[in-house]
Each structure stands twice: as structure tokens, then as C-alpha cells.
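Please look over the model shown here. A short report on its packing and local geometry follows.

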Amino acid sequence: MSRQPRIVAWTSAEEYLSVAEYLYSTNINERKHGVAIVKAWRSRARIPVAIEATASLVEMTVADEESKGVTTNHLRHLYSMAMIRFVNTIVDLEQKGTFAQSVVSLAGKIGMPAWFVELRHAATHEQLPSLAVLQSACQQALGWLSDYYWNKQTRSLPSDTQMHIRNALAAYLQAHDSPSQQGNRKPNKKNTSEYAAMETTSAELTRLVENLHLDAVRELLIPVLLEPGFMVPEDKKLRSKFPECKLLPGVSKRWQDLLVWFAECWGETLFYEELLAGIIAEIIPNAAEEGLFGGGDSAPSLSHAATLVAWVRWIIESYYVPEGGDSTGSSSISIEPLLESCLRNPSYYSRSILKVVSETDAGLKRDLKPFVDFMTKALEALAAMDTDKKSHGGSKPASVMSEEAMKQEEALMVQRLKAHFGLSTAVAEDLNDDGAQKADGASMDVDASGAHQKSGSEETGSRWNHVPESDWAACPIGTLASGDVPSLEWPAWIDDLPLHTVSA
């Protein structure tokens with residue numbers, strides 16, 4: 001499945017890269033121009049916080065250079081606010097666990113100097129730092145943003161990078177699957193060929209990985225990982241099966257060290273959330289394009305999809321902490337985008353993923369149960385319809401109906417509704433074009449006191465009847481009194497009526 005396009009504020013990659021040159025220029029006019037472009041971007045779409053922070057700091061340096069009649073105390077306040085926002089916006093991206101972590105620990109995870117956090121604390125709660133300290137901090141913050149964001153974004157990648165990634169991963173796995181590795185022995189210098197192969201493939205993979213920024217990980221690395229022969233074994237005997245969707249021990253062990261290494265390179269939560277997004281894009285069709293419970297032509301095979309769902313289980317069980325759970329040791333990944341995609345695009349595979357989440361999080365299990373039950377009933381109904389069509393030699397080709405044929409079918413539908421719902425002849429004739437009963441006195445009467453009068457439909461055994469107030473019971477909105485989610489779909493036979501001539 002193709003990934004949903006991402007909306008960005010810049011019109012081209014060239015415009016995006018040119019802004020970095022403007023912001024870090026020694027010419028003050030070019031820096032002003034770069035700040036102006038970022039302000040224009042803000043009006044178009046949401047922009048990365050690193051760009052926001054860079055523009056704010058650069059704007060502060062420009063204001064300092066052009067300051068006339070501005071007091072030192074005023075500049076100290078402006079610099080302090082710029083540094084406080086810089087630290088808060090960057091560090092808050094890593095605040096994803098159930099319980100809040102300290103700013104110092106989060107800053108350490110992303111490589112931010114600890115003294116930035118100390119300066120932020122001093123500017124917020126203590127005496128404002130001196131102007132010289134704040135000016136130095138601003139320049140160092142711009143240098144840190146250049147190293148940890150802009151340089152990685154502007155690093156050009158050759159067009160055949162994905163092919164090199166595929167080849168490097170294949171070579172690494174081949175070396176990993178060598179006889180010594182399968183015997184749980186690391187290759188040593190006595191096993192010259194195996195040792196050399198492992199060293200070479202590891203060095204090549206390291207070189208490629210270090211050159212990848214996050215967008216390249218999303219667009220180049222993860223699609224390769226999800227191909228058959230990588231995280232999904234080529235041998236179908238090693239793949240997972242529905243409905244269990246559990247990885248075989250050998251499959252998870254083969255990839256565990258490599259996935260942990262990838263997570264260390266780009267951040268544990270960030271990498272696994274991107275990997276989950278890639279799996280969802282691969283196996284769950286877009287309902288807007290394929291229809292509810294639809295499957296595209298490029299849908300993966302059943303065993304391929306089962307293995308990807310099993311990887312979803314492995315990631316959630318390893319890196320997701322339910323609300324109220326113990327999140328000590330590492331922050332929890334967010335599964336909200338995964339849940340939203342599964343609920344918006346119901347299918348057999350999305351139901352399997354929701355079941356996996358329900359088994360991991362008891363709180364979400366209660367919330368997801370009505371949706372899982374609805375998907376189960378809908379899938380069972382679709383399977384029954386397919387079986388019925390096959391038993392009748394397949395579906396008939398669509399034909400253009402004449403107006404007379406449509407009137408005949410409408411009359412037949414009224415008769416079917418009468419037989420199905422037990423309506424009297426008078427009520428059946430009183431149906432309007434939408435199949436809804438006209439609201440008049442023939443169907444239900446209310447006397448002056450508001451009491452319900454029995455209509456002819458109730459006397460003849462209609463399914464519609466008045467429930468005494470004493471029998472009312474509280475139930476969730478959208479469910480029946482029993483807690484079941486009702487199916488509001490028309491009976492299947494209404495959509496597949498044969499044409500018959502209705503006698504006058």
C-alpha cells in the first residue's frame with residue numbers, strides 16, 4: 001500500500017535546503033530573508049520544531065545586532081525567552097511515556113548539552129544569566145541544531161541508496177546465518193572467512209545507516225525491512241499464521257539485535273513508531289480508495305500479512321506501556337496513530353491488530369470490544385455473501401435498468417418489506433420512496449394525555465412495539481440494552497433482488 005502523502009510548507013527540496021543557507025549566513029540581510037521564509041511557512045502548514053527554534057534564535061541574533069536604544073536587561077529577557085522555548089520545544093518531543101521524565105534525562109537522550117537545561121532553569125526560576133552567557137548559549141544552540149538537524153537533512157543521498165541498503169542487509173543476514181552464528185558462536189579470527197564477512201557487512205551497513213536522516217529511514221529503510229526475505233521470511237514455513245499471529249523464536253532472534261541498533265541510531269520510540277506506521281501502510285488498505293473491508297490489488301499474501309501483524313505484536317509487547325503500567329527503564333511508544341488507522345479502515349488485518357492491542361492493554365480492550373465485534377460480524381456477513389454467490393455460479397454482470405423495471409423492483413421491495421417486517425397492507429402502501437414509513441395517524445396514535453395507542457401494526461404482530469418505561473435500562477450510546485452493537489445495514493437480499501414481473 002502506498003503511504004499517505006505528507007503535507008509540507010515548502011514548495012520544493014531546493015527551497016527547503018536554501019533556507020538553511022540563509023539562516024546560517026554571515027550576511028545579516030540573508031538571515032533576515034531566511035527568517036521571513038520560515039514565517040511564511042508557518043502560515044502554510046505545521047513546520048518541524050527544529051526549524052522553528054532555529055528561526056527564533058537567528059531572529060534574536062539579528063535583533064541584537066541591530067539593537068539601538070535597547071537596554072541590556074531587555075536583551076537578557078529576550079535571549080532568555082528564546083533559549084527557554086528552544087529547550088522546551090525540542091525536549092518535549094521525547095516526552096512520550098505515561099509518567100513525565102526529567103528534562104535533563106530527555107536532553108541526554110537526544111544529545112543536547114546539559115548546561116542548556118541548567119541555563120533554562122536559571123532563566124526561569126533564578127536570576128537572569130548575563131548577556132555574554134546568553135549570547136554564547138544562543139550561538140552554541142544554533143551550532144547544535146546545525147549538527148543534529150540541518151546537516152542530517154541536507155546530506156544528499158544517491159538515487160540507488162535503497163538498492164545499497166537492500167544489498168547490505170542481505171549480506172549482513174547471510175553472514176549472521178553462517179554455521180558459527182547458528183551454533184551461537186561469534187565469528188573469531190580462527191574462522192577467517194566468516195570473521196571477515198561479518199566485519200565487512202557490518203561496516204557497510206554502518207556506513208549506510210549513519211548517512212540516513214529520518215525521512216530516508218521512513219522512505220528507504222523501512223520499506224526494505226518489510227519486503228519478503230527480510231523481516232518477513234522467504235520460507236513460508238517460517239512465517240506466522242492467523243489467528244495467532246506470533247513470531248517463531250528464530251525469526252525474532254534473527255532481527256532483534258539489528259532492530260535494537262536501528263533504534264539506538266534514531267531513537268527507540270521514533271524508530272518503532274515509524275516501523276509500525278510502515279506496517280500499517282503495507283497491510284491495511286485505505287477505506288477511502290478501496291471501500292470498507294476492501295482489499296487492494298497490491299495487498300500482501302495472507303502469510304506475509306500474518307507475519308507483519310506478528311511483528312506488531314512483538315513491538316507492542318516490547319515497547320508499549322499501557323496507561324497506569326510501569327514505564328521505568330524506557331519511554332513508551334505511542335500507538336494512537338495505529339489505532340486510528342485500524343478504526344478508520346476496517347478490514348480483516350486491522351481487526352487482527354486491534355485484537356493484538358486488546359490482549360496487551362486491558363483498558364483499551366474494553367473500549368475496542370464493540371469495534372472488534374462489529375468488524376467480526378461484518379466480515380462473517382461478507383464471507384456468507386461470497387459463499388452464496390459462488391454457490392450460484394458467481395455474481396451476474398451489471399445491467400442498465402429501465403424505468404419500468406425500476407418500478408417493478410420497487411413494488412417487489414415493498415412486498416418483501418411487508419413480508420419481512422409483518423406490516424399490514426395499509427402500512428405497506430404508506431411507505432414513501434425512501435422506504436421510510438410516513439408519519440401519520442395510521443401507524444401510531446397518541447392520545448391527549450400522551451399515552452401510546454396501539455396501532456394496527458402492533459395488533460398484527462409488528463416488530464415495532466412500545467417498551468414500558470419500567471423495562472428501560474441504561475446502556476452505552478449506540479448499543480442495545482444487552483450491550484450488543486446493532487447492525488444497521490439492510491438485509492443482504494435487498495441489494496441482490498431478482499427482477500420479477502409484478503402482477504397488477
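## Terms and basis

Contact here means heavy atoms within 4.5 Å. This is a predicted model: local features need pLDDT of at least 70, side-chain atom pairs count only at pLDDT 80 or more, and totals for chains, interfaces and linings use all residues. Residues are numbered from 1 along each chain as its sequence is written, and side-chain values use heavy atoms, with hydrogens and water left out.

## Arg31

Arg31 sits in helix 2 (residues 28-44); helices are DSSP runs of H or I, at least four residues, numbered from the N terminus. Arg31 is buried, at 10% relative accessible area. Buried means under 20% (1.4 Å probe, protein chains only).

Beyond neighbours within four places in sequence, Arg31 is in contact with Tyr22, Leu23, Ser25, Thr26, Val58, Thr61, Val62 and Glu65. Its side chain makes a polar contact with the Glu65 side chain at 3.1 Å. A polar contact is a pair of N or O atoms within 3.5 Å; within protein, one must be able to donate a hydrogen and the other to accept it, and residues adjacent in sequence count only if both atoms are side-chain atoms. The Arg31 side chain also reaches the backbone oxygen of Ser25 at 3.2 Å.

## Nonpolar cores

A nonpolar core is a set of buried Ala, Val, Leu, Ile, Met, Phe, Trp, Tyr and Cys residues joined through side-chain atoms within 4.5 Å. The largest has 64 residues. Helix 15 (residues 302-319) gives the largest share, eleven residues. A second, separate core has 45 residues, including Tyr16 and Ile51.

## Loop between helices 11 and 12

Pro243 lies in this loop. The Phe242 to Pro243 peptide bond is cis, omega near 5°.

Conventions
Buried < 20%, exposed > 50% of the residue type's maximum accessible area, 1.4 Å probe, protein only. Helix = DSSP H or I, 4+ residues; strand = E, 2+ residues; numbered from the N terminus.
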